[in-house]
Amino acid sequence: MKITFWGAARQVSGSMVLLEFDDEYKVLIDCGTDLERENNPEKPKFEYGIFPFDPSLINLVILTHAHIDHSGQIPNLYKEGFEGQVLCTKATMDLSELLLLDSASLNQRKFKLIHDSKKRSKKRKDVDSRELYLERQVKEALDNFVPIAFDQRFKFKDDGYLTFIPAGHLLGAAHVYIEFWEDGKKKTLGFSGDIGRKNYPLLIDPQPLPPVDYLITETTYGDRHHIDQEEAESILAGIIQKACIDVPGRLIIPSFSVGRTQAMLYTLNKLYTERGFTPIKVFTDSPLAKASSRVYEKSVKLLNKHARTFHEENESLFDFENLIYLESNQASKAVSNHAEPCIIISASGMVQGGRIEHHIEANISNPYATILMVGYASEGTLGWKLLNGERKELSIRGQKFPVNATILRIDVFSGHGDFKDLTNFVASQEIDKIKKVFLVHGEYPTMQNFKITLEQLGYQQIEIPDKGQTYQI
């Protein structure tokens with residue numbers, strides 16, 4: 001077999017690994033959007049459209065979970081000639097539908113902007129729109145998704161089997177365990193996907209992989225621990241008390257619509273239901289978050305024991321007094337005039353596009369407002385600027401605003417396992433059995449540090465692949 005790393009190599013986004021078996025059967029594990037390449041005006045040109053390989057020669061896609069940096073290029077794969085199936089869990093299929101259709105909607109707006117800009121200026125250079133798939137391409141792709149249950153050994157080729165193992169991180173997220181035979185010998189390959197963390201709201205703990213010959217593992221938090229050690233309810237309760245009750249202010253929470261928002265709404269529900277916390281209006285400003293919450297509600301069996309018990313006792317994970325979902329842009333903007341203390345949860349988590357920009361703009365200069373960052377923000381985004389010291393003045397859509405709001409950060413809602421979780425995941429593998437460990441999905445310095453850690457534990461064959469690098473196993 002050959003393994004080629006076409007994405008998330010020495011960077012976080014764009015997960016895409018190509019497996020080529022000795023019978024020429026080709027499998028792509030994940031097919032994600034490369035956010036770093038997407039923001040690069042000098043994108044590399046490939047022989048096969050937007051892919052560095054011929055999509056028509058791929059036989060199968062295995063999808064670990066629904067996040068766009070793992071699933072976002074699947075419609076384009078079909079557009080460029082792929083005709084096979086996508087194997088994933090049922091929850092991943094349901095969430096992928098929402099996220100890919102949302103991407104198609106954003107692409108439609110981009111198409112319009114490109115068209116309008118060309119009409120205004122004939123001298124404007126053509127913008128590369130090859131990666132902008134639309135709703136039709138998404139639906140064509142979704143017709144070929146095949147759901148596979150967790151822990152079910154599935155035969156995907158004559159001498160190849162896969163098993164999805166719960167990874168935590170997101171509803172439906174999976175590790176991938178592959179068994180195959182070459183020259184009469186059985187070989188095994190493990191792919192971590194994104195590894196969750198223990199005791200996360202709603203989700204089950206990540207499960208270990210069986211012993212494998214070759215392991216591909218993510219390293220997002222491979223050099224740091226999570227800061228917050230208290231449980232989510234206690235941390236969020238303390239922040240709400242200071243931001244909305246001790247002083248009658250408002251709490252603005254930028255949050256990703258799928259996964260992060262559900263964890264927060266569930267935590268708020270527990271605060272109000274189990275701790276008798278003072279009910280405060282909570283505005284959830286994301287139609288995608290509302291649709292995602294419905295997927296979680298119908299997938300209760302996949303959640304952890306606490307969430308299943310809570311659902312059984314309260315009949316809902318997320319619905320509570322004073323929770324309001326904002327549907328229209330008009331309703332979203334009207335919240336700025338809400339005079340009472342409130343909590344506003346809105347996308348995107350990085351404060352880059354989406355309705356959250358309006359809420360930040362309307363509240364950044366308000367000394368009675370608190371902006372709570374609950375996740376990672378990539379460099380250059382408004383979220384990154386808030387997290388990295390731009391606390392006096394912030395430029396939003398070309399206008400400068402004084403920063404009078406309180407800026408806070410917590411990581412208790414991060415869906416990624418930290419250094420300890422990642423180390424434990426790899427350490428469950430037998431040192432004498434495993435032949436090679438590949439590190440992906442992390443910043444290069446983080447990978448280098450994590451490699452040293454694994455070597456100190458006794459793992460000697462550690463590789464940090466570069467993009468496009470091929471290994472024969």
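Mentor: Buried means under 20% relative accessible area. Keep that cut-off in mind as we go through this predicted model.

Trainee: Is Asn76 buried or exposed?

Mentor: Start with its place: Asn76 is in helix 3, residues 74-79. Its relative accessibility is 0%. The cut-off is under 20%, so Asn76 counts as buried.

Trainee: Which residues is Asn76 in contact with, leaving aside its neighbours within four places in sequence?

Mentor: Contact means heavy atoms within 4.5 Å. Leave aside the neighbours within four places in sequence, and these residues are in contact with Asn76: Ile50, Phe51, Arg130, Glu131 and Tyr133.

Trainee: How many disulfides does the structure hold?

Mentor: A disulfide needs two cysteine sulfur atoms within 2.5 Å. Take Cys31: the closest cysteine sulfur is in Cys88, 13 Å away, and that is too far for a bond. Cys88 is in no disulfide either. The number of disulfides in the structure is zero.

Trainee: Are Cys31 and Cys88 buried or exposed?

Mentor: Cys31 has 0% relative accessibility, so Cys31 counts as buried. Cys88 also has a value of 0%. Cys88 therefore counts as buried.

Trainee: Now the helices. How do helix 6 and helix 7 lie to each other, roughly parallel or roughly perpendicular?

Mentor: Two packed helices are described by the angle between their axes and the distance between the axes. The axes of helix 6 (residues 232-246) and helix 7 come within 10 Å and cross at roughly 80°. Angles of 65 to 115 degrees count as roughly perpendicular. Helix 6 and helix 7 are therefore roughly perpendicular.

Trainee: How do the residues of the contact of helix 6 with helix 7 divide?

Mentor: Helix 6 brings Ala232, Glu233, Leu236, Ala237 and Ile240. Helix 7 brings Met264, Thr267, Leu268, Lys270 and Leu271. They divide into seven nonpolar, one polar and two charged.

Trainee: What is helix 7 to helix 9?

Mentor: The axes of helix 7 (residues 260-274) and helix 9 (residues 305-314) come within 12 Å. They cross at roughly 55°. Roughly parallel needs an angle under 35 degrees, and roughly perpendicular needs 65 to 115. That makes helix 7, relative to helix 9, oblique.

Trainee: Is the crossing of helix 7 and helix 9 left-handed or right-handed, and which residues of helix 9 make the contact?

Mentor: The crossing is left-handed. On the helix 7 side, the contact is made by Tyr266, Asn269, Lys270, Thr273 and Glu274. On the helix 9 side, the residues are His306, Ala307, Phe310 and Asn314.

Trainee: Are His169 and Asp183 buried or exposed?

Mentor: His169 has a relative accessible area of 9%, so His169 is buried. For Asp183 the value is 76%. Exposed means over 50%, so Asp183 is exposed.

Trainee: Where is the cis peptide bond at Ser348?

Mentor: Ser348 is in the loop between strand 15 (342-346) and helix 11 (356-363). Omega is near 5°. The cis bond runs from Ala347 to Ser348.

Note on methods. Residues are numbered from 1 along each chain as its sequence is written. This is a predicted model: local features need pLDDT of at least 70, side-chain atom pairs count only at pLDDT 80 or more; totals for chains, interfaces and linings use all residues. Side-chain values use heavy atoms; hydrogens and water are left out. Axes are lines fitted to C-alpha atoms, for helices over the stretch in contact, and angles run from 0 to 180 degrees between N-to-C directions. Helices (H or I, at least four residues) and strands (E, at least two) are DSSP runs, numbered from the N terminus. Angles under 35 degrees count as roughly parallel, over 145 as roughly antiparallel, 65 to 115 as roughly perpendicular and the rest as oblique. A crossing is left-handed if the near helix is turned anticlockwise from the far one by less than a right angle, and right-handed if clockwise. Buried means under 20% relative accessible area, exposed over 50%, partly exposed in between (1.4 Å probe, protein chains only). Ala, Val, Leu, Ile, Met, Phe, Trp, Tyr, Cys and Pro count as nonpolar, Asp, Glu, Lys and Arg as charged, and the others, Gly among them, as polar.
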